[in-house]
Amino acid sequence: MAVFSGKRIAAPALLLVFIISACGASSNYNVLSFFFDGVPDPNAKNLKSEKVVFDSTGIKKREEILRKATPKFILHGPFGAKMCGDCHNVDQGFALLKKEPDLCFKCHSNFETKVKYPHGPVAAGLCTACHKPHKSVNKFLLVRKEKDLCFFCHSVLGIKQNKKHPEIVKDMNCVSCHNPHGNDKKFFLRR
Ligand code: HEC
Ligand code: HEC
Ligand code: HEC
Ligand code: HEC
Ligand code: HEC
């Protein structure tokens with residue numbers, strides 16, 4: 001939060017600063033965005049940054065680009081369509097209609113039972129170990145990006161020790177070789 005950046009200030013003074021600054025559109029945004037996701041930033045248009053680009057003759061230029069302050073969420077189909085009732089009992093306390101994975105299989109094909117080697121968390125029906133049910137900043141609604149998704153459960157060291165993994169240093173993603181849901185090949189290899 002911008003309000004708290006800079007020098008350390010004693011707590012009562014900080015509180016005062018916080019209260020004083022908590023008026024006007026932009027500081028109101030600071031306050032709101034502290035508590036809520038997706039509050040539009042009134043200053044977003046003013047935040048500019050630069051990008052180095054090359055024109056057709058190869059000459060280096062600087063181009064001003066607009067930088068969005070708020071993260072861009074990708075919404076899950078039914079969540080974006082505000083079809084909360086597809087998954088929640090909207091009349092009674094908003095409980096989930098079904099447990100996962102059946103909740104998800106209502107709309108997504110039951111790929112998990114069809115393969116010889118399902119991936120551990122998929123076999124356990126834990127779709128939300130990897131996917132957000134509402135929205136995410138990552139594509140495919142993933143909870144974490146790329147290798148971080150896998151390294152949350154698999155040890156970096158163990159993976160690096162495997163002789164089949166020299167490519168990992170070369171910026172390759174795990175899912176280019178492994179199907180994250182499992183498949184009929186051992187280790188869910190794609191090829
Ligand atoms: C595709 C199914 C799905 C849809 C559609 C959906 N939700 Fe959810 N929602 C879930 C799941 C699954 C959880 C449990 C999340 C968890 O445990 O990590 C959840 C949890 C919640 C919670 C509990 C707090 C939280 O975020 O964990 C609230 C509140 C909520 N949903 C509101 C909504 C609203 C409002 C809508 C419609 C705009 C909606 N949901 C649409 C699946 C859905
Ligand atoms: C009511 C139907 C419905 C339910 C229930 C549902 N989904 Fe979806 N899901 C959709 C639709 C519609 C899309 C968007 C399809 C598209 O854009 O091609 C989607 C897309 C996705 C995507 C791909 C997003 C992307 O960026 O391509 C993932 C991942 C996903 N859902 C996971 C889940 C998980 C996990 C659950 C259970 C918690 C679930 N879904 C439950 C309807 C549903
Ligand atoms: C170990 C992590 C992980 C788990 C657990 C997981 N997924 Fe995924 N899922 C992914 C990744 C990664 C992708 C991105 C697609 C790719 O790279 O192949 C994906 C893609 C998807 C997609 C969109 C693309 C497609 O293949 O149709 C859907 C829908 C989906 N998952 C549903 C589910 C459901 C339903 C479950 C629970 C049964 C589940 N996933 C469990 C990691 C996971
Ligand atoms: C939520 C935890 C979790 C996440 C996230 C996760 N895994 Fe797994 N993975 C497991 C579990 C549990 C097993 C089964 C235990 C075992 O066989 O070692 C497993 C097994 C595997 C196996 C087979 C290992 C074997 O010896 O048969 C591979 C390959 C694998 N995961 C790759 C991945 C990749 C690639 C990703 C990222 C897309 C990923 N995992 C993300 C939990 C996870
Ligand atoms: C270039 C392709 C490739 C990439 C990229 C790749 N793997 Fe693998 N992985 C393999 C192959 C091939 C095996 C089978 C190894 C064997 O036969 O012993 C394997 C085996 C595994 C295993 C089971 C054996 C073990 O070492 O525990 C896990 C878990 C695993 N990979 C996770 C990952 C994760 C996590 C990533 C991303 C950080 C990743 N892999 C990236 C090709 C790849």
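In this predicted model, a nitrogen atom of ligand 3 has a polar side-chain atom of His131 at 2.8 Å. His181 places an N or O atom of its side chain 2.8 Å from a nitrogen atom of ligand 3, and a polar side-chain atom of Arg190 sits 3.0 Å from an oxygen atom of ligand 3. A polar contact here is a pair of N or O atoms within 3.5 Å; within protein, one must be able to donate a hydrogen and the other to accept it, and residues adjacent in sequence count only if both atoms are side-chain atoms.

The model is predicted, with local features needing pLDDT of at least 70 and side-chain atom pairs counting only at pLDDT 80 or more, while totals for chains, interfaces and linings use all residues. Residues are numbered from 1 along each chain as its sequence is written, chains are lettered from A and ligands numbered from 1 in the order in which they are written, and side-chain values use heavy atoms, with hydrogens and water left out.

Turning to ligand 4, His119, Leu149, Cys150, Cys153 and His154 come nearest of the 14 residues around it. The elements contributing two or more residues to the shell of ligand 4 are H5 and helix H6 (146–151). The shell around ligand 4 has 10 nonpolar, 4 polar and no charged residues.

The iron atom of ligand 4 is coordinated by His119 (NE2) and His154 (NE2), at 2.0 Å; donors are N, O and S atoms within 2.8 Å of the metal (3.2 Å for Na, K and Ca), and water is not among the atoms, so sites may look incomplete. Why is the arrangement around this iron atom octahedral? The 6 donor atoms subtend angles of 87 to 179°, and six donors count as octahedral if opposite donors are over 155 degrees apart and all others between 65 and 115. His119 lies in the loop between strand E4 (117–118) and H5, and His154 in the loop between H6 and helix H7 (156–161), so the pair ties together parts 35 residues apart in sequence. His119 is buried, with a relative accessible area of 18%, whereas His154 is partly exposed at 41% (buried means under 20% relative accessible area, exposed over 50%, partly exposed in between; 1.4 Å probe, protein chains only).

For ligand 2, His76 (NE2) and His108 (NE2) coordinate the iron atom at 2.0 Å, and the site is octahedral, with angles of 86 to 179° among its 6 donor atoms.

The iron atom of ligand 1 has His88 (NE2) and His134 (NE2) as protein donors, 2.0 Å from it. His88 is buried, with a relative accessible area of 17%, and His134 is partly exposed at 36%.

Notes:
A residue is near a molecule or strand if one of its heavy atoms lies within 4 Å of it. Helices (H or I, at least four residues) and strands (E, at least two) are DSSP runs, numbered from the N terminus. Ala, Val, Leu, Ile, Met, Phe, Trp, Tyr, Cys and Pro count as nonpolar, Asp, Glu, Lys and Arg as charged, and the others, Gly among them, as polar. Four donors count as tetrahedral if all angles lie between 85 and 135 degrees; four count as square planar and six as octahedral if opposite donors are over 155 degrees apart and all others between 65 and 115; anything else is irregular.
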